[in-house]
Amino acid sequence: MENASKEELIESIESLKEENDKVKDELMQKVRHLEGEQLKSNVSNHQLEGKIKELKGEIKSFKKNPLILATVTEVFDDNQVGIKGNVGHEFLVTYPGSINKDLLEPGARVALNQNNLTVVNVFPKKKDENITAMEVIDRPDITYDDIGGLKYQIVEIRETVELPILHPEIFKEIGIDPPKGILLYGPPGTGKTLLAKAVANNTNARFIKLVASEFVNKYLGEGSRYVREVFELAREKTPAIIFIDEIDAIGTKRMGDTSGADREVQRTLMQLLAELDGFESRGDIGIIAATNRPDILDDALLRPGRFDRTIEVPNPSIEGRRQILKIHTEKMKLDDNIDFEKISEVTEGLSGADLKAVCTEAGMFAIRNNRRKVIYKDFMDSIDKIMNSIKGIN
Ligand code: ATP
């Protein structure tokens, strides 16, 4: 009897233990679940805190006074910079130590506090603006000898742009103003840029090129500032040649109704006309513009005192093509039996730039065929290829 009750007791203790373990397991599971839930809510708390901070920042920025935008003109010691606003006044203002001094250079844009004009932010100069929209070469290395077949154009450009730079006294003596600007027109790749560079070379002038279409497309809103800056840059160091390529991008005939973008283009043109009218031509700044579309140009540009001389730069004649081929094959290793007369004949309609491509491609054919010299057939294959690619484009 005693034994039986002992067994029963053990049995009931064991079943209690089992039950206990079960409850414990269940509780542990619940704890793990709750821990998971806590982790989740911690994460979402954190996210919400971030969002609140962001919204608070936004509210703060909404409450802030608007900032003034200006352009740095000069950097001085003692945390001071010269700036110019859109209205035209220049100010000497300070900037705090927190501003990255390296970014402060003439031309950089800055944001100023409205009350005390302190610089609160600086925007770096767009890196590619100088590369694409403006190119400045102190003295280009292109000479008249590098230009094939534009004899008449060279004589004209020397008389109208070079003579006033080199001998302003002649114009003074005779009592006439030297021409201000000339317009070169003709198909692409015919040597308009080469001509402008050669003038700059021969007059030891700084060459400033701006591509009008670039700053209309990429720097909308900045066009007139660019024009102003280009003329300032030219005045800074004379003699200078300002070359405005694709002038039709800002100088097309004005239509009646205009969109915002068109109005901006017109503002840029107005600025250009104002600069042309405003500067007294002493002959030390030559302005050369180029276009493929003279027919769409605004008459205002072609008035006396502006681009009143126009020179056509057409595709080369057979003699021109012969000269251009000679220039571009000068450094090439050529076979003796190359019939350049024939090559000049069959390349009718090609521009100077196309002829340069013909020479380069002929060289590539020689390389592909493991030859050390370029032969006549390479030229013929190359002409075929270039002509076909031109046909493909048109
Ligand atoms: P675009 O209207 O497209 O701006 P462009 O008339 O200004 O063209 P260039 O930039 O002067 O043409 O010419 C492009 C290249 O073609 C030159 O760098 C040169 O290698 C070659 N080239 C064009 N014309 C001539 C030429 N008359 N003599 C020698 N090379 C030429």
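Leaving aside neighbours within four places in sequence, which residues is Leu 183 in contact with? Here are some notes on this predicted model, starting with that residue.

1. Leu 183 is in contact with Ile 247, Ala 289, Ala 290, Thr 291, Leu 297, Leu 302, Phe 307, Arg 309, Thr 310 and Ile 311, once its neighbours within four places in sequence are set aside. The residue belongs to strand 7. With a relative accessible area of 2%, Leu 183 counts as buried, because the cut-off for that class is under 20%. From Leu 183 to Ile 157 the C-alpha to C-alpha distance is 9.9 Å, and the two are 26 residues apart in sequence.

2. Now the chain as a whole. You will find twelve helices and eleven strands in it. Of its 394 residues, 36% count as buried. Among contacts with a separation of 6 or more, 72% are between residues 24 or more positions apart. The accessible surface comes to about 24,200 Å², and carbon and sulfur atoms hold 52% of that area.

3. Two cavities of 30 Å³ or more are present, and the largest cavity has about 70 Å³ of space. Twelve residues line the largest cavity, and the closest to its centre are Thr 160, Val 161, Pro 179, Lys 180 and Gly 286. Helix 3 (151–166), strand 7 and strand 10 each give at least two residues to this lining; strand 7 is also where Leu 183 sits.

4. The second largest pocket may interest you too, with about 490 Å³ of space. Its lining has 27 residues, of which Gly 189, Thr 190, Gly 191, Leu 194 and Ala 353 are the closest to the centre. Two or more lining residues come from each of helix 5 (192–202), strand 10 (285–291), helix 9 (318–329) and helix 11 (352–368).

5. A word on charged pairs. Side chains of opposite charge can pair when their charged atoms come close. The whole structure has 16 salt bridges. One of them joins the side chains of Arg 235 and Glu 275, at 3.5 Å from N to O. This pair links distant parts of the chain, with Arg 235 in helix 7 (residues 223–236) and Glu 275 in helix 8, 40 residues apart. Arg 235 is partly exposed at 42% relative accessibility, whereas Glu 275 is buried at 10%.

6. Lys 385 and Glu 361 also form a salt bridge, and their closest N and O atoms are 3.1 Å apart. Lys 385 is in helix 12 (residues 376–393) and Glu 361 is in helix 11, so the bridge ties together parts 24 residues apart in sequence. Lys 385 is partly exposed at 41% relative accessibility, while Glu 361 is buried at 14%.

7. Gln 271 is buried, with a relative accessible area of 18%. Beyond its neighbours within four places in sequence, Gln 271 is in contact with Ser 224, Val 227 and Arg 228.

8. Ile 170, Ile 174 and Ile 176 make a nonpolar surface patch of about 290 Å². Ile 176 is in the loop between helix 4 (168–174) and strand 7 (181–185), and is partly exposed, with a relative accessible area of 48%.

Definitions and conventions: Residues are numbered from 1 along each chain as its sequence is written. This is a predicted model: local features need pLDDT of at least 70, side-chain atom pairs count only at pLDDT 80 or more; totals for chains, interfaces and linings use all residues. Side-chain values use heavy atoms; hydrogens and water are left out. Buried means under 20% relative accessible area, exposed over 50%, partly exposed in between (1.4 Å probe, protein chains only). Contact means heavy atoms within 4.5 Å. Patches are made of residues with over 30% relative accessible area and no salt bridge: like charges are joined within 9 Å, nonpolar side chains (Val, Leu, Ile, Met, Phe, Trp, Tyr) within 5 Å. Accessible areas come from the Shrake-Rupley method with a 1.4 Å probe; for residues, only the protein chains shown count as cover. A salt bridge is a side-chain nitrogen of Lys or Arg within 4 Å of a carboxyl oxygen of Asp or Glu. Helices (H or I, at least four residues) and strands (E, at least two) are DSSP runs, numbered from the N terminus. On a 1 Å grid over the protein atoms alone, a cavity is a set of points where a 1.4 Å probe fits but cannot get out, and a pocket is an open set with protein on both sides within 12 Å along at least five of seven lines; lining residues have an atom within 4 Å of a point. Grid points are joined across faces, edges and corners, and a volume is the space filled by probe spheres set on the points.
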